[in-house]
Amino acid sequence: MPLPTLDELLARMSVLTIPLHTRFRGVTHREAVLVEGPYGWGEWAPFLEYPPDEAARWLAATVEAGWLGPPEPVRDRVPVNATVPAVAAADVAGVLARFDGCTTAKVKVAERGQDLAADLARVAEVRRLLGPAARVRVDANGGWSLDDAVRALTALSPHDLEYAEQPCAAVEDLARLRVALARAGVDVPVAADESIRKAEDPLRVRELEAADVVVVKAAPLGGVRRALEVVDACGLPAVVSSALDTSVGIRAGVALAAALPRLDHACGLGTVNLLAGDVTSEPLVPRGGVLGVRPVVADPDLLERHAAPADRQAWWRERIAVAHARLDATMTR
């Protein structure tokens, strides 16, 4: 893959800050960098706390989008799920209303400062509103201990969960959890997310038989093509998810989902609806529960509207310089 020079990236990038409708992952604004390459737009938005090595992998995905473009798709539409943050049960209806036609919902649980009762109420409300035929999955972001995960998923299982995403942080605990749930007669499949995208060796999930499903994101894995390799090596059903991206970032996720040989589950690519703004006049949001596979072009007026303050622009320019150096060193080894 060609690596543009740092000067070229700096000349082509726009640093943005976009407000969210609801606090999500502890943030109320999403900061992101958009870069226009010869083959289209790429997004670079590693979360602020991520170290340089992780940020470099995200930059590889950005370069892939702008300097290589997406691989050939095998489908022209991708089913997506609604994403319900850790809101009060009374606020669930308002969140679901933003996801047109979605019959699958991912519900955030194990939020710091909340208890299991709040999770039960939220999931119950999602199930009530979507009905018995809908698919409901929960995402703990590794927030439970092994014992807490067994207790929580036993309590949540009457709501007929499609799966539980990253219930425990350690991949070894995911493997133990699958055994514990089976012994307890609790039929909740386990999905690995952080154990794939943040792990030095994402294939340990396969080696330890730690999951029934893998959740993959294009940016943290270094791009669409690398993510396809990981899915193939794991040999498990895959769900493509996003990282609270603008429509440009979602485009990479759609390209990944569209290129998967097998796609059995709705994907977590409807999160543009969580943003109170976007970078294109034609946002990549679900219609009838699906996303079409199409290019996304950033709108200069929207880039200007959401431009980050000068101090944040300087911070991101320094950060991309470090990430570029790490990526260059990796590619030239």
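Predicted model: local features only at pLDDT ≥ 70, side-chain atom pairs only at ≥ 80, totals over all residues.

Q: Which residues lie nearest the centre of the largest cavity?

A: Its lining consists of 21 residues, and those nearest the centre are Phe 24, Lys 108, Lys 217, Ser 242 and Ala 243. Two elements, the strand β6 (104–108) and the helix α7 (194–197), each give two or more residues to this lining.

Q: What is the volume of the largest pocket, and which residues are closest to its centre?

A: The largest pocket has a volume of about 520 Å³. It is lined by 18 residues, and the closest to its centre are Arg 25, Gly 26, Glu 111, Arg 112 and Asn 141. Strand β1 (residues 13–24) contributes the largest share of this lining, namely three residues. By class, the lining of the largest pocket has seven nonpolar, five polar and six charged residues.

Q: How should I describe the packing of helix α4 and helix α5?

A: Two packed helices are described by the angle between their axes and the distance between the axes. Here helix α4 (residues 116–130) packs with helix α5 (residues 146–156) at an angle of about 30°, and their axes are 10 Å apart. Because angles under 35 degrees count as roughly parallel, α4 is roughly parallel to α5. The crossing of these two helices, α4 and α5, is right-handed.

Q: Which residues of α4 and α5 meet?

A: From α4 come Leu 116, Asp 119, Leu 120 and Val 123, which meet Arg 151, Ala 152, Ala 155 and Leu 156 of α5. Sorted by class, the contact of α4 with α5 has six nonpolar and two charged residues, and no polar ones.

Q: What should I look for in the phi angles of the backbone, and where does Asp 160 lie?

A: Most residues other than glycine have a negative phi. Asp 160, however, has a positive phi, near 55°, and its place is in the loop between α5 and β8 (161–165). Leu 244 also has a positive phi, near 60°, and this residue lies in the loop between β11 (238–240) and α11 (247–259).

Definitions and conventions:
Residues numbered from 1 in each chain as written. Heavy atoms only, no water. Axes fitted to C-alpha atoms, helices over the stretch in contact; angles between N-to-C directions. Helix = DSSP H or I, 4+ residues; strand = E, 2+ residues; numbered from the N terminus. Parallel < 35°, antiparallel > 145°, perpendicular 65-115°, else oblique. Left-handed = near helix turned anticlockwise from the far one by under 90°. Contact = heavy atoms within 4.5 Å. Nonpolar A, V, L, I, M, F, W, Y, C, P; charged D, E, K, R; others polar. 1 Å grid on protein atoms, 1.4 Å probe; cavity = no way out; pocket = protein on both sides within 12 Å on 5 of 7 lines; lining within 4 Å. Points joined across faces, edges and corners; volume = space filled by probe spheres on them.
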